[in-house]
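Hi,

Here is the structure I promised to pass on. Have a look first, and my notes on the salt bridges follow below.

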Amino acid sequence: MFEADFTKIVREAIVYNQLERYFFPKGGEMDSVESHFDIQPDIPEIEKDKASAGGLKLSHAQRRMLMLLVALWEGNEADRVFSEGLGSISKLIHSMDANNRELTADLIMTYPGWGKT
């Protein structure tokens, strides 16, 4: 149950924050993805935009959500790509709007890596 919920929330977080360009959905369409394992971050695209003039053209909240989503996929890769930590959970949440705070809470609650309930 949590995996389906988690996948749905990952998709919602990507779409809400307009981060589709930074993710590869298996099958080509974000709406048709059935598992979070079928969504991978496009690290070369993130790095390309980060290295461009002005860096990533994202709000602070969008950037934090991108960092969080990449970290959920591969924490070490997120550290390498962004060269900065997410900071404390309170700083992460403080930098987000209400919708992103709710999405973050839902991601944490449904994260399938916590083990069986």
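Predicted model: local features only at pLDDT ≥ 70, side-chain atom pairs only at ≥ 80, totals over all residues.

**Salt bridges**

Glu45 and Lys48 both sit in helix 2, 3 residues apart, about one turn of the helix (helices here are DSSP runs of H or I with at least four residues, strands are E runs of at least two, and both are numbered from the N terminus). Their side chains meet in a salt bridge at 3.5 Å, N to O, that term meaning a side-chain nitrogen of Lys or Arg within 4 Å of a carboxyl oxygen of Asp or Glu.

Residues are numbered from 1 along each chain as its sequence is written, and side-chain values use heavy atoms, with hydrogens and water left out.

Glu45 also pairs with Arg21 in a salt bridge, 2.6 Å from N to O. Since Glu45 belongs to helix 2 (residues 43–51) and Arg21 to the loop between helix 1 (2–16) and strand 1 (23–25), this pair ties together parts 24 residues apart in sequence. Glu45 is buried at 17% relative accessibility, Arg21 partly exposed at 48% and Lys48 exposed at 52% (buried is under 20% relative accessible area, exposed over 50%, partly exposed in between, with a 1.4 Å probe and protein chains only).

Over in helix 4 (residues 75–82), Arg80 and Glu77 are 3 residues apart, about one turn of the helix, and form a salt bridge with closest N and O atoms 2.7 Å apart. Shared partners also join Arg21, Glu45, Lys48 and Asp49 into one salt-bridge network. The whole structure has 6 salt bridges.

Cheers
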